[in-house]
Structure formats: C-alpha cells, structure tokens
Amino acid sequence: MKSARAYLFIATAAFAALLQGQAALAQVPPHKPGEVCDAGRLWCWKKPAGKPGASCSCPSPFGTLPGTLK
C-alpha cells in the first residue's frame, strides 16, 4: 500500500511540475494565421482558420480555456 501511495504522490508532483512549465507547453508550431488558438499555457488547432486576434477556446483536462487566434 505504501508503494502505491508513493507512486501516486510522485505522479501527482510530476504532473503539477509539467503544468508549471508553461514555456515548454506553449510552444506553437509553424502555422497559417488564424489556425492556432493560444490559451496561455496550451494551444490547439482551429480548422477552418479564423481571423487572427479573434476569441477562441481550447479543451483541457480542467475544462475549456479561453484564448486568442494566432
């Protein structure tokens, strides 16, 4: 039982550290203008493309996050 708790603690800590590393999560690949929604700590593709600067949203494990088309 102790090893299961230790594994859960380590996995939770690693996930929390991953969420804190926004520089690595927010790296947007090359794209056409308006195809990517930048929601701060994450991004998602938007097809069809919209007008850059328009509002958009990305799904996440914690719900929908608002963003801006880039």
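Q: Taking a disulfide as a pair of cysteine sulfur atoms within 2.5 Å, how many disulfides does the count come to in this chain?

A: In general, a disulfide is a covalent bond between the sulfur atoms of two cysteines. In this structure the count comes to 2 disulfides, and when the bonded cysteines are numbered in sequence order the pairing reads 1-3, 2-4. Before going further, note that this is a predicted model, in which local features need pLDDT of at least 70 and side-chain atom pairs count only at pLDDT 80 or more, whereas totals for chains, interfaces and linings use all residues. Residues are numbered from 1 along each chain as its sequence is written, and side-chain values use heavy atoms, with hydrogens and water left out.

Q: Which helices and strands does the protein chain have, and in what pattern do they follow along the sequence?

A: Helices (H or I, at least four residues) and strands (E, at least two) are DSSP runs, numbered from the N terminus. By that reading the protein chain has 2 helices and 4 strands, and along the sequence they follow the pattern α-α-β-β-β-β.

Q: In what order do the strands form a sheet?

A: Two strands pair if DSSP finds at least two bridges between them. Here the 4 strands form an open sheet in the order 2-1-4-3, with antiparallel pairing. Strand 2 (43–45) and strand 3 (55–60) stand at the edges with a single partner strand each, so one side of each is left without a neighbour in the sheet. Neighbouring strands of this sheet are turned by 40 degrees against each other on average, direction ignored, where the axes are lines fitted to C-alpha atoms and angles run from 0 to 180 degrees between N-to-C directions.

Q: Which residues stand opposite each other where strand 4 pairs with its neighbours?

A: Strand 1 (residues 36–38) and strand 4 (residues 63–69) run antiparallel and are joined by 2 bridges; C37 has L69 as its bridge partner in strand 4, and D38 stands opposite T68. Strand 3 and strand 4 pair in the antiparallel sense over 6 bridges, with P59 opposite T64, and a hairpin of 2 residues joins strand 3 to strand 4.

Q: What is the handedness of the disulfide that joins C37 to C56, and of the one that joins C44 to C58?

A: Handedness is read here from the torsion about the S-S bond. C37 and C56 are joined with an S to S distance of 2.0 Å, and the torsion about their S-S bond is about 90 degrees, so this disulfide is right-handed. This pair links distant parts of the chain, C37 in strand 1 and C56 in strand 3, 19 residues apart. C44 and C58 are joined at 2.1 Å, S to S, and their torsion is about -90 degrees, so that disulfide is left-handed. This second pair also links distant parts of the chain, C44 in strand 2 and C58 in strand 3, 14 residues apart.

Q: Are C37 and C56 buried or exposed, and which residues form the largest nonpolar core?

A: Buried means under 20% relative accessible area, exposed over 50%, and partly exposed in between (1.4 Å probe, protein chains only). Both C37 and C56 are buried, as are both C44 and C58, while 16% of the 70 residues of the protein chain count as buried. A nonpolar core is a set of buried Ala, Val, Leu, Ile, Met, Phe, Trp, Tyr and Cys residues joined through side-chain atoms within 4.5 Å, and the largest one here has 6 residues: C37, A39, C44, C56, C58 and L69.

Q: Which residues does C56 touch, and where is E35 found?

A: Contact means heavy atoms within 4.5 Å. Not counting residues up to four places away in sequence, C56 touches C37, D38, K46, L65, P66, G67, T68 and L69. E35 is found in the loop between helix 2 (22–25) and strand 1, where E35 is buried with a relative accessible area of 12%; with the same exclusion of residues up to four places away, the contacts of E35 include C44, W45, K46 and K70.

Q: Which peptide bond is cis?

A: In general, most peptide bonds are trans. Here a cis peptide bond joins K47 and P48, with omega about 0 degrees, and P48 lies in the loop between strand 2 and strand 3.

Methods: Disulfide = S-S within 2.5 Å.
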